[in-house]
Each structure stands twice: as structure tokens, then as C-alpha cells.
Amino acid sequence: NAMAVTENKAEAGKDDKKEEKKKMTKEEKKKEEEMTPEDLELRDRLALMVERAKDADEAIAKTALESMREEIRSSTSSMTSVPKPLKFLRPHYDGLKEFFQGMMDSPNKTLLSDVLSVLGMTMAGTDSRESLKYKLSGSKGGLDVWGFEYVKNLSGEIGLEWAARKAEEKSTDDLKGLVDEIVPFNMKHSSEPEACDLLMEVDLLPEILEHANENNFSRLALYLTNCANYVPEPEDAVLFNVVYQIYRKVGRFPEALRIAVRLNSDTLAQEVVDSCEDEMTKKQLCFMIARHGALNVTTDDDDLTAILGNAQLSEHFLSLARDLEVFEAKTPEEIYKTHLTESRTGAANVDSARANLASTFVNAFVNAGFGHDTLLTGDAKWIYKNKDHGTMSAAASLGMILMWDVDSGLSQIDKFTYSSDDYIKAGASLAVGIVSANVRSECDPALALMTEKVESDKSIIQRIGASLGLGLAYAGTQREEVLELLTPVIADPATPIDLFSLASLSLGLVFVGTGKPDIAETIMQGMMEREDKVMEDTMARFACLGLGLLFLGLQETADVTMEALKAIPGQIGQYCSFTVETCAYAGSGNVMKVQKLLGVCAEHLEENNSHQAVALLGIALVAMGEEMGADMSARSFEHMLQYGEVNLRRVVPLAVGLLHMSNPKPTVIDMLSKLSHDGDAEVAQGAIMALGLVGAGTNNSRVALLLRQLSTYYGKDPNNTLFVVRIAQGLLHMGKGLMTLSLQYSDRLLTSPTALAGVLAVMHSCLDFKGIILGKYHYLMFMISTAMQPRMLVTLDEELKPLPVTVRVGQAVDVVGQAGKPKSITGFATHTTPVLLAYEQRAELATEQYIPLTSVLEGFVILRENPDWKPPDVTSSDKDKKKDPIKLDDMANDEMKKLALKMQAVRPDQRMYDK
């Protein structure tokens with residue numbers, strides 16, 4: 001039996017081997033069969049050409065090489081798979097290389113070199129750069145013969161070779177000659193990104209300017225602007241400078257100004273305004289500078305000066321409110337909607353000072369900029385329903401209601417400046433600052449009203465109100481008069497810590513991002529002269545922030561000050577050092593800084609850990625410059641919630657809020673919603689405040705529902721957490737949904753430094769809820785007024801009168817480097833201006849009847865009639881179907897015109913439902 005089994009096995013083995021043999025031959029046969037007679041003939045012909053190319057007779061060799069080149073060239077046109085000639089020449093590649101080495105210099109050698117360069121594209125080893133080597137020894141020019149893949153491959157090899165030669169300090173002239181051939185080739189064939197990449201690899205980016213023209217400048221500039229996010233400093237400034245030069249070359253002044261603002265350069269901005277000769281474009285430039293709020297650009301023209309001062313902001317905002325029918329004042333009760341939240345306690349609502357203070361803030365935020373409300377304007381009894389510092393906030397809130405309307409606003413606030421109560425006087429000073437935030441007036445009323453109130457014979461609270469008022473009124477203006485007024489306050493060692501710190505903060509606001517060494521020195525001197533015990537006060541943080549704001553966005557310029565800060569002893573020295581560092585790199589997206597800050601946050605410190613809060617806030621501050629960094633930092637925050645100490649967990653919601661100002665993403669709302677029920681009161685308060693900031697001015701229904709539920713949940717803690725819930729509700733409905741706190745604007749390319757400064761002041765206040773917001777410094781919430789902006793698009797005609805036109809508003813789409821003319825928005829709806837724009841939305845004109853003077857439709861946009869526009873022809877059958885359109889010219893009344901345009905834009909199905 002055993003013998004039989006072994007025999008069977010042996011036979012089975014033999015059968016397997018036979019099968020294998022059959023298979024092998026089958027596969028080989030298959031390959032042979034797959035090759036068509038044409039392929040076989042081509043293979044043999046190419047082999048013959050290779051043989052003849054090595055012939056001693058130069059004429060024969062030349063004919064063979066030219067035929068080979070022609071074969072390769074004609075097949076390279078299709079790049080779906082490796083072309084057949086390249087496949088069949090693979091076995092001969094090494095032989096041809098060896099033959100090339102032994103050749104004498106001759107035209108044939110040049111020809112062979114060109115052929116080897118193309119073969120090297122698919123056959124050379126990695127990092128051998130053979131394709132480039134043979135190209136350099138081959139003929140000059142003739143890139144378009146071989147097509148795109150070959151040019152792409154060459155570009156990659158040039159970058160590697162350039163880096164290698166630079167390291168060995170060898171000459172790169174021959175490579176430069178090749179680059180000068182490739183760049184025009186790429187530009188001619190609409191491969192602008194490839195041309196830019198190659199020039200960036202070889203540090204010759206400014207040469208792209210020669211090739212920029214009317215047809216390609218927008219694709220070039222868009223690509224380089226987005227690349228700047230991903231290169232280290234100071235290369236990003238080089239990229240922006242090149243983009244600026246491109247826009248100047250093609251005469252696009254508004255676009256050039258955006259880049260000048262991004263570079264934070266007063267001189268470039270002034271240059272753009274001075275060199276622009278078209279009056280209307282100049283006005284558009286002034287609107288853009290006014291929106292930024294921190295550029296010192298001057299002009300002799302009174303009309304332009306008025307635009308630079310944002311004089312018509314209030315008028316257009318109120319016209320938008322009337323247009324959207326939200327002009328009526330709202331009461332705090334309409335925001336709380338207490339009838340929807342069942343009350344857990346049966347007790348009636350007690351008219352407590354804390355609840356009144358909450359209503360003061362809600363009323364101020366909701367009716368901000370509308371010029372009237374139900375509590376304060378007209379009858380001022382409401383102020384006296386608050387106590388001490390509460391009356392100061394109540395008086396200051398009047399400023400927010402009258403925001404941007406300096407002329408009529410100051411006359412209403414004026415009566416409180418003569419009050420006998422110091423708190424009300426201080427509140428009135430602060431109100432003057434809030435009214436003047438982001439608005440510049442020729443006659444400088446704020447300075448005139450507050451000069452004497454800062455002097456030392458006045459009470460401390462009055463001096464605080466006046467100092468903060470000056471900071472808000474002149475934020476970003478770099479006014480020397482304010483410096484002369486506040487320097488003695490800071491320099492005097494007897495000044496109390498809260499006044500010293502808030503005066504420093506005001507100077508930081510006025511001189512934001514200037515890096516003035518004399519102010520920095522004064523503030524640091526004041527910190528060193530005070531005892532450690534005094535500097536441990538919670539208010540000392542604002543002196544650090546004032547110092548940080550001086551260096552906002554200046555990056556390495558702040559290094560000297562950070563060295564000097566090492567002399568300040570104790571916890572405050574570290575706190576200050578990190579504040580300056582994070583402000584200096586705000587919005588830069590600098591990865592190295594984020595890593596350093598993450599390292600600081602990773603230390604587990606039981607005490608002396610206040611600097612970690614600034615470091616964590618700093619991560620959000622540095623990363624908010626670009627989307628990718630913001631998303632990645634959000635993941636780090638989740639790790640901190642899981643593994644961090646409680647002091648870090650308290651800051652995480654605030655950092656998340658800073659990253660998503662007025663941008664209520666569902667994922668962010670979910671995260672903050674969980675944290676708002678946290679066991680630690682300060683984590684919950686931070687999350688609730690962040691919910692308000694994330695939803696600010698959006699009226700987001702989901703956030704509104706969450707906050708209403710939280711007001712019930714925290715109903716038993718009316719003095720603390722409920723107060724924060726109320727403030728968050730006020731922020732959510734800010735300006736009845738017509739405003740935004742978003743720090744980025746102009747298609748999210750630019751960040752307003754004054755807005756960022758105001759938001760940072762609120763963020764640092766929230767690092768200590770108990771001592772500041774819930775203590776007696778709640779009026780610091782009003783610092784956010786510098787960041788409040790209408791989120792509207794208003795189109796104006798050449799007389800600067802509102803011009804209603806139809807626009808499409810939709811989700812912005814990233815079109816960098818895409819071929820052709822891709823759509824820049826998706827999922828759009830068509831509206832008639834003025835319209836509201838959310839954080840990630842973009843607008844474009846629906847017809848070509850008008851030409852906008854700026855490519856980014858946000859804020860105020862001036863339209864010019866398009867001389868080439870022809871109204872679309874209406875066929876006779878359509879004419880019968882349609883009723884006569886409303887004749888707009890016959891209407892005398894502007895309001896009627898707007899209504900008529902709106903009616904035309906309404907779809908029939910909406911008319912049915914009487915919308």
C-alpha cells in the first residue's frame with residue numbers, strides 16, 4: 001500500500017511539472033501572439049536603426065539617428081501608456097550610452113545626445129539626472145518637439161541639480177540657460193504653476209515678471225499668493241512682492257493694494273494710491289484701506305479722506321437694515337425667549353443688578369450700530385438700575401448702540417459726561433471711544449473730549465475710561481497725541497496696576513503692529529519698577545498684551561524685546577514673553593513656532609502655569625493664517641482636552657473660538673456643546689463664551705437653541721455662568737445678524753490688525769473669568785467693538801449712491817492652478833444687492849452689465865457700466881409669454897426701484913407662498 005501511495009505521489013508530481021512547463025510556454029506564446037506584425041516590424045526596424053547609428057559612415061549614422069528621433073517624436077504625442085519605441089529601445093539604452101562615451105564631438109553626437117535625453121526620461125535610474133545631463137550636451141532649443149512630460153521631467157531634474165551645485169558652489173549658468181527656455185514654453189502652454197515652481201526651485205522667481213501679461217496674470221498671481229502660505233519667512237515676502245509687481249505691471253491697482261496690505265506696508269499702499277490716476281479706482285482703493293483700519297495712507301482730496309475715515313459706514317449699514325426689514329429695536333427678552341425655556345424655579349424673576357447688567361450687554365450687542373434701542377436711547381433711567389461698575393458698562397453700551405455715527409452719537413452721549421457719578425463719566429468716555437471705533441473724523445472729537453480726563457487730578461475709574469476710550473477711538477492710527485497723553489500715566493510708578501495695564505493696552509491698540517521701541521521700553525520699565533506682588537495682579541496681563549500688540553505680525557522684529565523681557569522676574573515675565581512671541585507670529589502659520597508652543601503646553605505644571613494659557617491661545621493665533629494649519633491645530637486641542645491639566649482645558653474652548661470667529665461649523669459647535677456642560681465651571685464658561693464668538697452675528701439657530709437650553713441648565717447660578725450665557729446670546733445675535741467678528745476678510749487673504757487686537761483683549765479677559773468678566777472689569781467686553789464689521793456687500797455707482805444689481809452668492813471654491821476658467825462659487829443663490837455674506841461665501845455679478853473695480857466683491861464695491869454690454873435679445877414668442885417688465889426709469893422713488901428689482905428676482909414658486 002505504502003509503495004502504491006509513493007508511486008501515485010511521484011506521478012502527480014510529474015504531471016504538475018508538465019503543467020508548469022505548459023503554462024510557461026503558454027505565457028511566452030501569449031506575449032509573442034500579443035505583438036502584432038506591425039509591432040514586430042517596428043522592433044526589428046528600431047534594432048536596425050540602433051546598429052546603423054553606430055556605423056562608421058557618418059551619413060548612414062545621421063540618417064539612422066534622425067529616423068529614430070522621428071519614430072520617438074511621433075509616438076510621444078499619446079501619453080496614456082509608455083510609447084512603443086521607448087519600450088523597444090530599452091534593451092539598447094546601455095549600449096547607446098557606451099557608444100556615446102566613445103564618440104568624437106560632431107553633429108551626430110549632438111543628435112544622439114537629444115535621443116538619449118528623451119530615453120533617459122523613462123530608463124535612467126532614480127536620482128541619476130541622466131536626462132538633464134544629455135540635454136545639456138545636446139542641441140539648444142527644440143523643447144516643443146518632445147512634449148510636456150519630457151519638459152516636466154527636465155524641470156524636476158534641474159531643481160535637484162541646482163541644489164546639488166549650490167551646495168558644492170559650482171557654476172549654474174548652463175542650467176539657467178535651460179530654465180530660460182523652459183519657462184516661456186510653460187507660459188505659452190498655460191502651465192503657469194509649473195513655470196513658477198521651476199523658478200522658485202532655482203531662486204529666480206522675479207524673472208516671471210517678464211512673462212506676465214493681461215491673459216495670464218490672474219492665474220499666476222493666484223498661484224503665487226497661495227504658495228506663500230507654505231514657504232518659510234522671509235521667502236513669503238519675496239513671493240508677495242513678486243505678485244505685487246505683477247499686478248502693478250498690468251495696472252490692477254485694487255489687487256496690488258490687497259498685496260500691499262498683506263505685506264503690512266504703508267509705503268507700498270501709498271505708492272498704489274498715488275500712482276493710480278483713475279478717480280473711481282482711487283475711491284475703491286480708499287474703501288479697501290478704510291476696511292483694513294491700520295494703514296497710514298494720506299491724500300489731499302476731501303472726498304477720499306472722508307472714505308478713508310469710513311464716514312458713510314453708518315449710513316449704508318442703516319440702509320441695509322431697512323432693506324432687510326430689521327431696523328426695529330429688539331429687547332433683550334426677544335433674544336432670551338424665556339417663554340420657550342420652562343423655568344425650574346417657581347420664583348418670579350427678581351430684578352437683580354446682575355441680570356440687568358447682562359441685559360445691558362445683550363441690548364448693546366443686538367442693537368449695535370442701529371442708533372436706537374428700547375433701554376437707553378431716549379430715556380436713560382436704565383443706567384441707574386445698575387450698580388457702580390455696572391453703571392459704567394451701561395453708559396458705555398450707549399456707544400455701541402450709536403456705533404460709527406460720530407456726529408449724532410456724541411450729542412447723545414454728551415449729557416453723561418456732566419454726570420456727578422464718576423462711573424457714569426468713565427462709561428461716557430468709553431462710549432465716545434466705541435462710537436469712534438473704525439471711524440476717523442476730521443475734527444478729532446474723541447481727543448478733545450478725553451484729554452483732560454486722563455490727567456492725574458481725576459479719579460482712577462475716570463482715567464481708565466478715558467484711556468480705553470482713546471485706545472478704541474484711535475486704534476491703528478499711530479497718533480502721537482495719544483502717545484503724549486498716555487506715556488506719563490504709564491511712566492508714573494505710583495499709577496495703580498489696573499490703570500497702568502489698561503493704558504498700556506490702549507497704546508498697544510493705537511500703535512498696533514508698529515514695533516515702536518520707545519513705547520515698548522516705557523511699558524517694560526513700568527513693569528520692572530513695580531514689586532512682584534503688584535505684578536501678580538490679574539490685570540497685569542493687559543500690560544503684557546499691550547506690549548505684544550506693538551509687535552503684532554512683525555515676526556523676528558520682536559526678538560530684541562523678548563531678550564529684554566528675560567530681566568522681568570517671576571511668572572509675569574514668562575507670561576509677557578509668550579504674549580509678545582505669539583502676537584509677533586500671529587497669522588503667519590509658522591510650523592516651528594506651533595511646535596515650540598505645543599512643547600510648552602505638554603509640560604505638566606501644578607502651579608506657575610499661567611504662561612501655558614497664552615502658549616495655547618498662541619497656537620490658534622499662529623495657525624489661523626491658513627486652513628490646513630487651523631485644521632491640524634484643532635486636532636492638537638482635542639489631545640489637550642484628553643491629557644492636559646485643568647488650566648489648559650480652560651483655554652481650549654477659547655482657542656477654538658479664536659480659530660472659528662463667526663464661522664459656526666457643525667463639528668466646532670458639537671465640541672463646544674460638550675464642553676459647555678463640563679464639571680469645571682471655568683471650562684464651561686469658556687465654552688459658552690466661545691459658542692457666542694463662533695456664532696457671532698450669524699443668528700445660527702442651532703447655537704441659539706443650545707444657549708437657550710444652557711440658560712435653563714445654569715438657571716441656579718445666575719451670578720456667574722448664566723451671566724456668560726446671556727453675553728453669548730448677545731454676541732450670537734450681534735447687530736441682528738448683520739455683523740461679523742471674522743478677523744479675515746477679502747477672500748480670507750487679509751487680517752485686520754485692529755480687529756485682532758480687540759479680540760485678543762477679550763480673549764485675555766476670558767483667561768480669568770472670575771477676576772475680570774465676572775468681577776468689576778466686565779466693560780472690557782466692549783473692546784470687541786474694533787472687530788465688529790457689517791458682513792454686507794454694497795454695490796455703488798460712480799456717484800457713490802447705492803446701485804441695486806443682481807449677484808450670485810455661493811460657497812467659495814478653491815480654483816488655484818485649475819485649467820481653463822473654473823467656476824469660483826458653487827451652490828449659489830441669486831440676490832439683489834445689498835446682500836449678506838457668510839464666512840466662507842463669495843459673490844459674483846450675475847450679468848456683465850457692470851464691471852466691478854475690484855475682483856473681490858466684499859464690503860463697498862464701485863461698479864462701472866460695461867460699454868460692450870448688450871441686453872439679451874428676447875424672441876417674439878417669449879415676448880408674448882412674458883408680461884411687460886417693470887420700467888425702472890419711470891420710477892422717481894429709489895425705494896420703489898429696489899422693490900421692483902426684488903420682485904423681478906423672486907421665483908414664481910415663492911410668489912405662490914407669498915414670500
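A residue is taken as buried when its relative accessible area is under 20%, as exposed when that area is over 50%, and as partly exposed in between, with a 1.4 Å probe and protein chains only. The structure is a predicted model, in which local features need pLDDT of at least 70 and side-chain atom pairs count only at pLDDT 80 or more, whereas totals for chains, interfaces and linings use all residues. Residues are numbered from 1 along each chain as its sequence is written, and side-chain values use heavy atoms, with hydrogens and water left out.

By this criterion Thr795 counts as buried, at 3% relative accessibility. Thr795 belongs to strand β5 (residues 792-796), where strands (E, at least two residues) and helices (H or I, at least four) are DSSP runs numbered from the N terminus. Apart from neighbours within four places in sequence, Thr795 is in contact (heavy atoms within 4.5 Å) with Lys801, Pro802, Leu803, Val805, Thr833, Val861 and Leu863. The C-alpha atoms of Thr795 and Val807, which are 12 residues apart along the chain, are separated by 9.9 Å.

Two further buried residues are found in helices. Asn108, in helix α6 (residues 107-123), is buried at 6% relative accessibility and, when residues up to four places away in sequence are not counted, touches Glu58, Ala61, Lys62, Leu65 and Met103. Ser155, in helix α8 (residues 148-168), is buried with a relative accessible area of 15%, and beyond its neighbours within four places in sequence Ser155 is in contact with Ile182 and Leu198.

In helix α42 (residues 769-776), the buried residues are Phe769, Ile772, Ile773 and Leu774. Viewed down the axis of α42, these residues fall within an arc of 150° (taken from the directions from the helix axis to the C-beta atoms), so they line one face of the helix. Their cover includes α19 (353-366), α29 (541-550), α38 (681-694), α40 (721-732) and α41 (753-766).

Helix α29 also packs against α27 (residues 517-529), the two axes coming within 10 Å and crossing at roughly 160°; axes are lines fitted to C-alpha atoms, for helices over the stretch in contact, and angles run from 0 to 180 degrees between N-to-C directions. The two helices, α27 and α29, are therefore roughly antiparallel (an angle over 145 degrees). Their contact is made by Ile519, Ala520, Ile523, Met524 and Met527 of α27 together with Ala543, Cys544, Gly546, Leu547 and Leu550 of α29.

Note on methods. Parallel < 35°, antiparallel > 145°, perpendicular 65-115°, else oblique.
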